[in-house]
Amino acid sequence: MVRILRIAVVSVALASSASVITASATPPLESLAVTASSLGQKALDDPAAYGFVASLATEIGQRLAGTEAHKRAVAWAEAKLKGTGFDNVHSEPFTLPAWIRGAESAEIVGPVPQHLAITALGGSVATGAGGIEAEIALFRTYAELLAAPPGSLNGKIAVVTQRMVRAQDGSGYGAANPIRRAGPSEAAKRGAVAYLLRSLGTDSHRLPHTGALNYDDGAPRIPAAALAIPDAEQLERLAALGPVRVRLVLTPVVADNAPSWNVVGEVKGAERPDEIILIGGHLDSWDLGTGATDDGAGVAIAFGAARLIAGLPQRPSRTIRVVLFGAEEMDFSGAAYAKAHEGEAGKIVMAGEADFGARTVYSVQLPPGAAGSDFGHMLGRVIAPLGANVDRRPPLFGGEDVRGLQQAGVPVVSLRQDGLDYFDTHHTADDTLDKIDPKELNQAVAVWSATTYLTAASDVDFRSLAASAK
C-alpha cells in the first residue's frame, strides 16, 4: 500500500514566480492549486465514494447490460446523483444485443473423467443443449495456435493455456487480450468446433475469468469459454500423457435491441459552462460477482471527486460532467456516447475514465505537451503529498468508454492505479466489496479531485499545448 503523506495545504510549494497560462479573468494557478490541494486532503477522509460503491454492490449487485438488474442500477444511479445535488441528471438511451449467460459446464470425459471449472465468454454462441464432445488440441502459447495450418483442428476443441503476466500497470492483460478476443475465430478458421483458454488472470483460484470476445465475420462462430487457471494446468498435464476428450455445454441467449443507458450528472461551470471536463466509469458489470472493483470503484471515484468539487463555496469555471457508462463490458456504451455527442467533441476540454479497480493512483498522464507546462508542474506539486506524480509520457488511452471521444480529437487523461493484484479477481465471482480498501479508494478520489478541479478551474488548452509540442 502506498503511504499517503498528510501534509497541510500550506506546505504545498506554490512558487510565486510561476508563470500563468490562464487568461486574466481566471485566477492564477497558484490560488487554484491551493483549492485543489485542499480538495485532495479532504478526500482522504471523505466516506462518500466508499458509501457509493458499497450501496451499488449491495443493493444492486451484478448488473450485466441489457438485464433487469442493469435497469435497476440506472434508476439507482439517477437517484444518487439527484440526491447529491448534481445538475442536469438524466439517462441517455441506446440499444444493444444483450448477451445473457445460461447454463455452463465442462468435464473431462477421458482418460480420467473429472469436472472442469469454466465460464462462457461474453458474446459466445451456444453449444446446444446436448453440448459438444471432442478431443482437445492444446497449445501452450497463442502463437502456436496461430501457426497451426487450416484444417488441422477439424472436429477438435482448441485449448490455449498461455499465462498472463502480472504487472502494476496492467500491461500483461493488454498483451494477452487477443487470446480471448480473437482466439475463438482463429481456432474456427483452423477447423475447431469449440474454444477454451486459460483465464486472463493472475490468481491461482478455481474461479474462471469471463470477458468479451469478438467474432470475425470471416470465420464460423464457435462456442468459447475460459478455464479456471488450475483447470488449464490440469489439462496441460493430462495432454502431456495422451489424448484428452472434453464435453462442453454452454446455453447463452441474445436479446436483440435490448435497452441500456448512460447516466449523466453535471457540476455546472460558473463562467464557461459550455466547456466540459468529462470524467466517469462504467455502471455495468459482469454477472459472476457484484461488480465492486470493476467498475463500482470507478463510478464511485468519479462521483466522489465531482461531489467534493460541487461542495466548494465557488464552483470552477468549466462544467464537470460525470458519465456512468452503461455497457462497457460488451463494448457498446462508449461508441453510443461518442455518436450522440459528436457535435460536442470540440467543447470537451478533457476526458478520462476510472476503470482499473480501487487501489491508489501513483501517476497522472496528461495530454501531449501538458506535463512540461506550468499546469503540469503545478499539478505535480499538488498531488505529490498524495503519493502520486505527473508522468512525462502522454497517455495512449483514456479508458474504453472515452475511446470514441479520443478518436474525435478530445484530449484524454489517464490516472494510473496500482493494478498488481487487480487481475486476481477481475471478471470473476470474487469481484466483491471486501476487495476494496476504503483508504486506498479515497486516495484515488483525492488525485482525481485535484486533477479534475485544476483542469476545470483553469483555462488550460490541451489542444494548443499538444500542437505546440509537435
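1. How many nonpolar, polar and charged residues are in the lining of the largest cavity? Two are nonpolar, six polar and three charged. Here Ala, Val, Leu, Ile, Met, Phe, Trp, Tyr, Cys and Pro count as nonpolar, Asp, Glu, Lys and Arg as charged, and the others, Gly among them, as polar.

2. On conventions: this is a predicted model, where local features need pLDDT of at least 70, side-chain atom pairs count only at pLDDT 80 or more, and totals for chains, interfaces and linings use all residues. Residues are numbered from 1 along each chain as its sequence is written, and side-chain values use heavy atoms, with hydrogens and water left out.

3. The structure holds one cavity of 30 Å³ or more. The volume of the largest cavity is about 50 Å³. Its lining consists of S285, W286, L288, G289, T290, G291, D294, E329, H427, T428 and D431. On a 1 Å grid over the protein atoms alone, a cavity is a set of points where a 1.4 Å probe fits but cannot get out; a pocket is an open set with protein on both sides within 12 Å along at least five of seven lines; lining residues have an atom within 4 Å of a point. Points are joined across faces, edges and corners, and a volume is the space filled by probe spheres set on them.

4. The largest pocket holds about 1000 Å³ of space. Its lining has 41 residues, with D169, Y173, D355, F356 and F397 nearest the centre. By class, 14 are nonpolar, 13 polar and 14 charged.

5. Which element gives the largest share of that lining? Helix α5 does, with six residues. Strands β14 (361–365) and β16 (414–417) each supply at least two. Helices (H or I, at least four residues) and strands (E, at least two) are DSSP runs, numbered from the N terminus.

6. Helix α5 spans residues 171–181. Its buried residues (under 20% relative accessible area, 1.4 Å probe, protein chains only) are G172, Y173, A176, N177, I179, R180 and R181. Seen down the axis, they fall within an arc of 165°, so they line one face of the helix. The arc is that of the directions from the helix axis to the C-beta atoms. The buried residues of α5 pack against α4 (142–147), β6 (157–160), α6 (183–189) and β7 (194–198), with contact meaning heavy atoms within 4.5 Å.

7. The second largest pocket has about 370 Å³ of space. Of its 18 lining residues, G123, L213, Y215, R221 and M330 are the closest to its centre. Strands β1 (87–100) and β10 (253–267) each supply at least two lining residues. This lining divides into 12 nonpolar, four polar and two charged residues.

Terms used: Buried < 20%, exposed > 50% of the residue type's maximum accessible area, 1.4 Å probe, protein only.
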